[in-house]
Amino acid sequence: MALSKEKKREIIEKFKISENDTGSVEVQIALLTERINYLTEHLKIHRKDVHSRYGLQKLVSKRKKLLKYLKREKPEKYNEIIKKLNIRGV
């Protein structure tokens with residue numbers, strides 16, 4: 001299931017850098033984290049849902065790559081977003 005428009009807008013507002021920002025690395029990581037959390041809860045209930053598990057692995061991999069980029073380019077933003085989203089570092 002995709003994120004609702006309200007939830008997505010709320011996440012973008014929280015992590016945006018400028019007024020018209022919707023696609024910065026920070027926003028992408030936050031949106032991916034929300035989807036990862038949803039799929040994790042889904043898979044706790046539906047243990048045999050293999051296709052969703054593959055999707056979850058893709059999302060985690062993409063978030064990992066974005067975090068690696070952010071750590072390399074802006075280490076202070078990396079530390080900030082790790083703390084805000086309560087996720088472990090790469």
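**A close look at helix 3**

Modeller: Helix 3 and helix 4 are oblique to each other, a word used for angles that are not under 35 degrees (roughly parallel), over 145 (roughly antiparallel) or 65 to 115 (roughly perpendicular). Their axes cross at roughly 135 degrees and come within 5 Å. Here an axis is a line fitted to C-alpha atoms, for helices over the stretch in contact, and the angle between N-to-C directions runs from 0 to 180 degrees. Helices are DSSP runs of H or I with at least four residues, and strands are runs of E with at least two, numbered from the N terminus.

Before going on, a word on the model: it is a predicted one, in which local features need pLDDT of at least 70 and side-chain atom pairs count only at pLDDT 80 or more, while totals for chains, interfaces and linings use all residues. Residues are numbered from 1 along each chain as its sequence is written, and side-chain values use heavy atoms, leaving out hydrogens and water. The pLDDT is the predictor's confidence in each residue, from 0 to 100. Its mean over the chain is 94, with 97% of the residues at 70 or more.

Now back to our helix. Helix 3 covers residues 50–73, and its 24 residues should span 34 Å at 1.5 Å a residue; the end C-alpha atoms are 35 Å apart, so the two agree. That expected span is 1.5 Å times one less than the number of residues.

Which residues of helix 3 are buried? They are Ser52, Leu56, Leu59, Arg63, Leu66, Leu67 and Leu70. Buried means under 20% relative accessible area, exposed over 50%, and partly exposed in between, with a 1.4 Å probe and protein chains only. Their cover includes helix 2 (25–45) and helix 4 (75–85).

Ser52 counts as buried because its relative accessibility is 18%. Leaving aside residues up to four places away in sequence, Ser52 touches Leu39, His42 and Leu43, where contact means heavy atoms within 4.5 Å.

On the helix 2 side, Leu31 belongs to helix 2 and is buried too, with a relative accessible area of 14%. Asn37 also lies in helix 2, but Asn37 is partly exposed at 41%.

Finally, let us return to the pair we started with: the axes of helix 3 and helix 4 come within 5 Å. Helix 3 brings Leu67, Leu70, Lys71 and Glu73 to the contact, and helix 4 brings Pro75, Lys77, Tyr78, Ile81 and Ile82. By class, this contact has six nonpolar, three charged and no polar residues. Ala, Val, Leu, Ile, Met, Phe, Trp, Tyr, Cys and Pro count as nonpolar, Asp, Glu, Lys and Arg as charged, and the others, Gly among them, as polar.
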